[in-house]
Every structure is written in C-alpha cells, then in structure tokens.
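Please find below a short report on a predicted protein model, written to be read beside its sequence and coordinates. It turns to the contact between two chains and then to the architecture of one of them.

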Amino acid sequence: MSGLLILIPIALGMGLIGLIAFLWAARSGQFDDPDGAATRILVDEDRPLPPSENHDSEE
Amino acid sequence: MTSLNDSLSAGCPTGLAPPELTNAPDSSAFVRRVGGQNRLGLTVRGAKCGACINRIESAVKALPDVETARLNLSTGTLDVAWRGDLGANTIVQAVSALGYGVSPQDQNRNVSDEQREERSLLVALGVAGFATANIMLLSVSVWAGHGEMGESTRRMLHGISGLIAFPTILFSGRVFFRSAWSVLKRGHANMDVPISLAVTIAFCVSVSETLRGGEHAYFDATVMLLFFLLIGRFLDARVRRKAYVSARELAAMANRTVTRLGEGGEARSVRASEIQPGDRILLSPGECAVVDMKIDSGLSEVDDSLVTGESVPRTTFVGMSLLAGTVNLSQPLQGRAIGAASDSLLSDIARMLDAGEQRRSTYRKIADRAVSLYVPFVHTSALLAFLGWLMAGLGANEALLIGVSTLIITCPCALALAAPVTQVVASGRLFRSGTFLKSGDALERLAQCDYVIFDKTGTLTLGTPRLVDEIAPDVLDDAAQLARASRHPFSRALVEIAGPGPIASGVREFPGLGLEGLIDGVTCRLGSAEWIGTDQSDITSSSLWFSKGDEQPIQFHFADHILDDAIETIRTLKRAGYGMEVLSGDREEAVRDVAETLGIANWRAKSSPRDKVQRLEELQAKGHRVLMVGDGLNDAGALALAHASVTPGGAMDISRSASDAVYSGGLASLPRLISVAKQARVVMLQNFGFAAAYNLVAVPIAISGHATPLVAAIAMSASSILVSLNALRLNTMPERL
C-alpha cells in the first residue's frame, strides 16, 4: 500500500511532464505547419556567409 | 520578362505544382506597421516541398533589411517582417520571379479563427489522451486485482481516477457540451447530444459508485470516449482548414490593385474596391484588368482567353470594352472604368460562386445521415435497458448502472471516426499523386457523379498555341530573334521551339500588325499577312508570316494542341459509362475539331459563363450529377454549381477556389481521382457497416448487464482501431474505374 502512495504520484507526475511539454509545443505553434516541419528537416542550411550568390536555381 | 531558361527551373522543383508565370499584383497597400516593423502576409501558391521553402525564404531573406521570412507550407502563407523602406513589391516580385503565384492577404480580416479552433482541439485531445492513459493505468490494476484487492484500495484508485477525470471532462468535453447545448436550445439534436449525456451521466454514476465503494466505475470509458471522439473532431477540423485556405485565396483575389490616373496624369495604385465608375485607369502590358473598362487611348493586343476561352488575341480600338480578366499584351492602354469592381464580370462570377457554394452546403453528408438514424437508437436502447431492468425488479441503482453502460458502449466512437479517417487517408493518397482535395465531402460528391462536362481551352487542350509546321532552323532562328521581344502567344510559341538566344536590334512592336527589327543589317518583319504585304490566299487568324528583306515570306501555322493523355482519359471514362460533353466559349470549328478527335459526341461552342451555368442546371434538372472540369474564369460559375468540380493546377485562381479538387500532372489524374473517391465511399460505407455491426453485438451484451468497464474499454477501442485500419486499406487499393 505504501508503495502505491509513492508509485502513483511518480507515474502521474511523469505523465504530467509529458502533457506540459505537449501543451507548450502546441501553444508555441509547433503543430501549425505539419507539412512544412516534415520537409524543413531536409533543407540544407549550409550556405556561405553572407548569402552573396543566388545558388538555389540548380537545387 | 521571364526568359525560357528561368521558366524551366521555375516553381516547385518536384513538379507537384506547375510554375506560375503571372505578374505579381501591387501589394504596397497591404503592408502593416507594427512597432517600427513592416509586416506583410502573402498567399503563396505552388509551394509544395522543402526545396520550395528554401528557395522562397532564402530569396526573400537575401533582400536588404528583411528580418524574418517564414513560409507555412500547410496554409501557404508567407509572413515577412522588415525595417527600413524596402518596397512591398520588391518582396512580391522576388517570390513571383521564382515561379510561384503570390497575392497579398488583407490582415484586417480575422484570419486565424480556424487555426485557433484546430489548436484548441489539439490541446483538448492531448489532455484527454493524458487522462485516458493514466486512468487506464489505475483501471488495469483494479481489473487485475479483481477479487483480491481490498475495498479501500479500490476506492482509492477509483478516487484518483475521478480526480483526473473531472477536470479532463470539463476541459476536453466542453467542445461537445457547447455544441449540444446550442443545438438543444433550438430544439434539435445532433451527435453531440448523446455524447454529452453519456459523458455526464457516466461520470455522475461513477462518482456515486466510488463513494458507495462499488466495483464498477466508468471513469476510464468516459475519458476514452472523449479521446476517440476528439481524434475524429481534430481530423475533421484539419480537413476543413484546407477548405478555409482556399476560401482565403478567393479573398486574396479581390485584393488586386489598380493603377488609377489622377487629374494631372499622376499614377497611383489603389485597391480595386476603391475604383468608381468613370475613374481613369492605366493598364500596363502584362497586367490583367480587374474592373470592366472602356479604352480611351492606346493601341495594343489583348488576350481574353481566360474570359471567353478564345485562344487568338484581339487587337484593341478606342472605345472598345474590356471585361475584367482580360490581359493586356503589348502596349500600355488608358481607359475609364465602366463600373465599380463590384459590378465587374469578376464580381458577377464571384456571386455565382456564392450561389453555387450555398447550394452545395445543402448537401447532406453520409456521416450526418448515419448519425440522424443513430441518435434515437442509442437513447431508446439505453432507456429501455434501464426501464426494463427496473420493471424486472432490479434495484434502481443497478438498473441505472446498466442503462449507463449501454449508453457508453453504444456511443458513436467508431461512427465519429468512420468518415474523417477515410477522408484523411484518401486525401493523403491523392496528395502524393499531385491532386489536392479541398473538402472532405468532395470525395462523396465526386463518387456520385455520372456525367462529365469538359471545358476545352486549357483543360482538354494545352491552352497555349503550338507551332504546327516544320520550319528550317535558320528561318526559325531569325524569326525567334524578333519573337523574343514580344508577349504575344504566337511569339511565345515560336520562342519555346527556338529556345533562348539573341534579340534582333531595334525591335518595334506594332499592335495588331506585327514586329519589325534588323537582323544582319536586313529589315525583318514578323506578323500578319497584311503586315508582310503578301498576296497569298491562305490567310487564317492563327498564322504568322515572316519576311527577311526581299525574300519570299514564310508562313507559320499555330494550333492549340490536345493534351497527350486526353484521348486515353476520355476512353477510360467512356468505358466506365460516363456521359461526356464539351462546353467551350471558343469558336465553333475549334471546339468541333477537339470533340471529334476525342470522340465526344456532345459539344457546344460560343458558350458564355451564363450559358454554361444554364446547361448545367438543365442537366441537373434531368437528374444527372455533373462533374465539371474546367480552368477558365468563364468556367468558375459552372464549377461552383456542379455537383462536383475539378480544375487543373494551371487554372485561374478563382476557378481553383470554386472547385473541389485541383490536379497537376495531366488529365490522367481524373480517372485516378474518381477511382479513389469511389473506393473511399465504399470504405466509408463499410466503416458505417462495422459501426452498426459492433452495436448489434455490443447492445445485447450491455442490456443483459455484462458490459463491465473492462468490456466497454476493449469494445470501444477495438471498434475504433478496426475502422482506422479499414480506412488505411485505401492506400494499397489498385486504381480501377
């Protein structure tokens, strides 16, 4: 019984952390553009500084 | 002007959407100033992949003073913020030059309502998911400890479950409570009524069971019910947002600007809505008229293929009326507005769109019909179970518990998921093959169509003229040197064959006649027979003559080509038993040629937008369900009115807004679209069948009093999973029409 008193709060607490993380992500707009997020990971961000030439026409 | 080299790499590099080489509208009137920062929202069309994001964002960020540029791929919105005095049009041009369609968004409208609704549903879904998982954790221990667990432990676990469930039901359930209440006030019932009732009663009964120390509390089932239902709601909202995005594109259409000339001749760009009849307007080459106007001065050629479907440009004269949607080709024109923007052909068509949209909204979705059959059934069976057991002599408490378990177990989880899951899977499959569905119920309507009406120009044919003759390379090279300086469709067709190259020196364009320039010191002319001065008898409106010095003039013939896959597509549709018809605004012989080549017996030429709408009404009055396929401005009314409508990706934006689906990748997408729609309809009906079959099994179990919380949890999740898996089959079904 005393084990339960420790384990249940731990389980709920972990769930709660996940929920808070999810709420934060949703509120900060991370689910607003699922299509874009999926493809953005493939966007190559290595480019010369400063961006002098338009080197995107061949991509 | 865009050279051929640019146009080859323009637009989405995956080819999911065709490049748009239209002129960008003036956007300076739409910039907002927020705390020293300039902000502009742009609707970008044609961006479909990660490379598009990269190209667009880096091109805009490379402009001086731009601080942020972020493209939302799901909504097609580019938000730009900058300081300093960079012009809005520079930004718009930068995007437009890459081959994407751009129009400014009017931020005074409340644009984020739909997005807010979707986000709040997502948060509600997340909370319900958290609660379901944690209550299930506790419930499983109660079920596992059946017979061994002491009453106090069980009561404590139920108590904690209740403490989690209560705020969850208040928070995640308000979506249903609010909707049920608003419907009940008006004396109707929808699916949310039994849901709200089931959730409330189940929770109250579970609380009293917990206080009594009883064995069965339905906290898990209650919250799980909310969780599954919210998944359906969320998917539905997401599909609807796509429709909303296209509605916003339509609004962006109206955000066109017009160059108004003041009394002293100074030009100012104003919103189209500010134009009054009698205002003096300047129409630059390449610009599309937004209001109907009468020409005062200037000589040019205009392309009204978008308005009438006529593929050969017309020469203007003073006093000629131009309808909104006409594109000016060669020289600046000045004129006076005949009516305000709201009286133009464009607005007429917009009104037709509204009318069509309203008629379409009266369409009753299969899901709605299923629910109206279902709701009374749920209530009656739960009530009968309660009354029956009461009369059979069971205590009020036990009878109520059985009634509640019946209510929970029959609650329409699978029913709520059946339609949205199918729509999401089907539209995902179509998306991957380059077809964009705009609304979920479009699939149902597409599947029901039995008659297809095609527009000719741009739908069955390429929409732009192609050179027919074999021309000697050196002649072609010379002619192309003149043609490169012109915007005329025939010149463009010549350049397309000849490829990039030099432009002759001192080229001048004479509207209605042709071009003149020097090549190797010799005067060359390209234009009409009259311009060349030839006496040949073979004079048609769709040919050009080229002469170099005193040499014999050479004739170039042009024709609008039938699309490669049109014949095959028409054959497939015919085999599948569809009635077909061509309805075009073009000349009679052009339409007849196309119809005969394709083997379509019914055709009508010279149809005005009004004629098209009338023909459609005629067919629908005869009981046909018409699928309209068209791309022009003159089709928009018909597209909106048809039972379902499809438009190619290169279509005028207003037509895309009016139709249910936009395809790229040729006419062959059409049979695929119809076949997926039919399969989706079958799968959806199967899903409703599953939901009904589930109830046939579950209701007797519940009424006989065997629906313990464990049985309810298993039955509910099993039916939802079954329905989702069935919908996923759509991904692997072979195409068949």
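The contact between the two chains takes 26 residues from chain B and 24 residues from chain A, where two residues are in contact if their C-beta atoms, placed from the backbone, lie within 7 Å. On the side of chain B that touches chain A, the elements giving two or more residues are helix H2 (50–61), strand S3 (66–72), helix H4 (113–144) and helix H5 (151–172) of chain B; H4(B) provides the largest share, 10 residues. That side of chain B divides into 14 nonpolar, 10 polar and two charged residues, with Ala, Val, Leu, Ile, Met, Phe, Trp, Tyr, Cys and Pro counted as nonpolar, Asp, Glu, Lys and Arg as charged, and the others, Gly among them, as polar.

The model is predicted: local features need pLDDT of at least 70 and side-chain atom pairs count only at pLDDT 80 or more, while totals for chains, interfaces and linings use all residues. Residues are numbered from 1 along each chain as its sequence is written, and chains are lettered from A and ligands numbered from 1 in the order in which they are written.

Chain B has 25 helices and 27 strands, which are DSSP runs numbered from the N terminus (helices H or I, at least four residues; strands E, at least two). The domain assignment of chain B, which like its bounds comes from an automatic or database source, is as follows.

| Domain of chain B | Residues |
|---|---|
| domain 1 | 4–108 |
| domain 2 | 114–245 + 369–422 + 679–731 |
| domain 3 | 257–351 |
| domain 4 | 436–450 + 564–664 |
| domain 5 | 463–561 |

The C-alpha centres of domain 1 and domain 2 of chain B lie 46 Å apart.

Three strands of chain B form an open antiparallel sheet in the order S11-S10-S13, two strands being paired if DSSP finds at least two bridges between them. Strand S11 (314–315) and strand S13 (327–328) of chain B stand at the edges with a single partner strand each, so one side of each is left without a neighbour in the sheet. Strand S10 (residues 301–303) of chain B pairs with S13(B) in the antiparallel sense over two bridges, and Asp303(B) stands opposite Val327(B) in S13(B).

A further open sheet, with mixed pairing, is formed by seven strands of chain B in the order S15-S27-S26-S25-S16-S23-S24; its edge strands, S15 (435–437) and S24 (602–604) of chain B, each pair on one side only. Strand S23 (residues 579–583) of chain B runs parallel to S24(B), joined by three bridges, and Glu581(B) has Asn602(B) as its bridge partner in S24(B).
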